Amino acid sequence: TRELALQTADAIRVVGKYVAGLRVVTVVGGMSQEKQERLLSLDPWIVVGTPGRLGEVLEFDLGLRAQVSAVPFLVID
């Protein structure tokens, strides 16, 4: 699941490389949670994540919950 989420985010970046300001954030286990939280706070357009890590990140941070709920596209893999 983690590998597929990373591949999905990479494919989105390749397809969207000509979209000015496109911000894609991947939220998966096995990577720094703090870094992922920091990237989520930068108002990404697209978030690709695994259910477990996305749940962990959003469980305790109400500010991040509000920001992620405003993300135009959320991919849970």
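Me: What percentage of the 77 residues in the protein chain do buried residues make up?
Reply: The model is a predicted one. A residue counts as buried when its relative accessible area is under 20%. Of the 77 residues in the protein chain, the share that is buried comes to 31%.

Me: How many salt bridges does the count come to?
Reply: Side chains of opposite charge can pair when their charged atoms come close. The protein chain has 8 positive and 9 negative side chains. Among the pairs, E3 meets R2 at 3.3 Å, N to O, and R13 meets D10 at 3.3 Å, N to O. The count of salt bridges comes to three.

Me: In which helix do R13 and D10 both lie?
Reply: R13 is partly exposed, at 35% relative accessible area, and D10 is also partly exposed, at 43%. The two residues are three positions apart, about one turn of the helix, and both lie in helix α1.

Me: Is R53, which forms a salt bridge with E56, buried or exposed?
Reply: The side chains of R53 and E56 meet at 3.1 Å, N to O. E56 is partly exposed, at 39% relative accessibility. The relative accessible area of R53 is 12%, and the cut-off for burial is under 20%, so R53 is buried.

How values were computed. Residues are numbered from 1 along each chain as its sequence is written. This is a predicted model: local features need pLDDT of at least 70, side-chain atom pairs count only at pLDDT 80 or more; totals for chains, interfaces and linings use all residues. Side-chain values use heavy atoms; hydrogens and water are left out. Buried means under 20% relative accessible area, exposed over 50%, partly exposed in between (1.4 Å probe, protein chains only). Lys and Arg count as positive and Asp and Glu as negative; His and the chain ends are not counted. The place of a charge is taken as NZ of Lys, CZ of Arg, CG of Asp or CD of Glu. A salt bridge is a side-chain nitrogen of Lys or Arg within 4 Å of a carboxyl oxygen of Asp or Glu. Helices (H or I, at least four residues) and strands (E, at least two) are DSSP runs, numbered from the N terminus.
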